[in-house]
Amino acid sequence: MQINLYSERLKLRHLQSKDWEHFLRLHRDKAINQHIRSIESESEIVAKFEQRKAIWQFGSGDWLSLVIERIDTNEFVGLIGFRCDDAELRRAEVGYLVAPEQQGLGFASESLQALTDWGALQFSMHKYIGICAQENTASRKVLEKVGFILEGTLRQNSCIDGIWSDDCCMGLLTAQRE
């Protein structure tokens, strides 16, 4: 399935070999990853990149990773995607990484809106889940702008570089959008 999604200012497309430098940069940037994960080795990032370039199947449990590009300049903005965690229940987790120079411009929420709308139409999604560190207020604001609501807090759920943090579980029921 070839995916090309458009919003007002953005295009979402499949990850390709030419995106490696951007993918590596996002996954090696300590500021971007401070609330997401410890920095992985380059070999782990290569394996992740290769898996995410491969043909994606909805119920596989693998991440669908799409590149976010600006329509006006074709500039790389970041990555966005989702992972179906239960095909029968039509539930998926969303995630995104935005390049530092593209942050704060509304691109994450605009692309998340396009992705969740597409998934609801294409796969009859019932629910999307977004998980972010409680300290990651920018990510939480992105989720809230698209309509996600706080469903709970998982105490000491993530450990990044030896530091435990609480995670906010945010949910979006697609029926609430109609």
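## A quick tour of helix α5 and the cores

Start with helix α5: its buried residues are covered by a set of elements that includes β5 (91-98), α4 (107-123), β6 (127-133) and β8 (163-173). Keep in mind that this is a predicted model.

- Helix α5 runs over residues 137-146, and Ser139, Val142, Leu143 and Val146 are its buried residues.
- Looking down the axis of α5, you'd find those buried residues within an arc of 95°, so they line one face of the helix.
- Turned away from the buried side of α5 is a face with the exposed residues Thr137, Ala138, Lys141 and Lys145.
- Just past the end of α5 comes Gly147, with a positive phi of about 115°.

**A closer look at Ser139**

- Ser139 sits in helix α5, and its relative accessibility is 12%; buried means under 20%, so Ser139 counts as buried.
- Its side chain has a polar partner: the side chain of Tyr96, at 2.8 Å.
- If you skip neighbours within four places in sequence, Ser139 touches Tyr96 and Cys132.

**The cores**

- The largest nonpolar core is made of 34 residues, and Phe82, Leu112 and Phe148 have the most contacts inside it.
- Two or more residues each come from β2 (10-14), β3 (63-70), β4 (76-86), β5, α4, β6, α5 and β8.
- Helix α4 gives the largest share of this core, with 7 residues.
- Phe148, again skipping neighbours within four places in sequence, is in contact with Val94, Leu112, Tyr128, Ile129, Gly130, Leu143, Met170, Gly171 and Leu172.
- There's also a second, separate core of 13 residues, with Leu26, Phe49, Leu97 and Ala99 among them.
- As a general point, nonpolar side chains tend to be buried together in soluble globular proteins.

**Over to helix α1**

- Helix α1 spans residues 20-28, where Trp20, Phe23, Leu24, Leu26 and His27 are buried.
- These residues take up an arc of only 165° around the axis, which puts them on the same side of α1.
- Among the elements covering the buried residues of α1 are α2 (30-33), α3 (42-53), β4 and β5.

Notes:
Residues numbered from 1 in each chain as written. Predicted model: local features only at pLDDT ≥ 70, side-chain atom pairs only at ≥ 80, totals over all residues. Heavy atoms only, no water. Buried < 20%, exposed > 50% of the residue type's maximum accessible area, 1.4 Å probe, protein only. Helix = DSSP H or I, 4+ residues; strand = E, 2+ residues; numbered from the N terminus. Arc of directions from axis to C-beta. Contact = heavy atoms within 4.5 Å. Core = buried A, V, L, I, M, F, W, Y, C linked by side-chain atoms within 4.5 Å. Polar contact = N/O pair within 3.5 Å; in protein donor to acceptor, adjacent residues only side chain to side chain.
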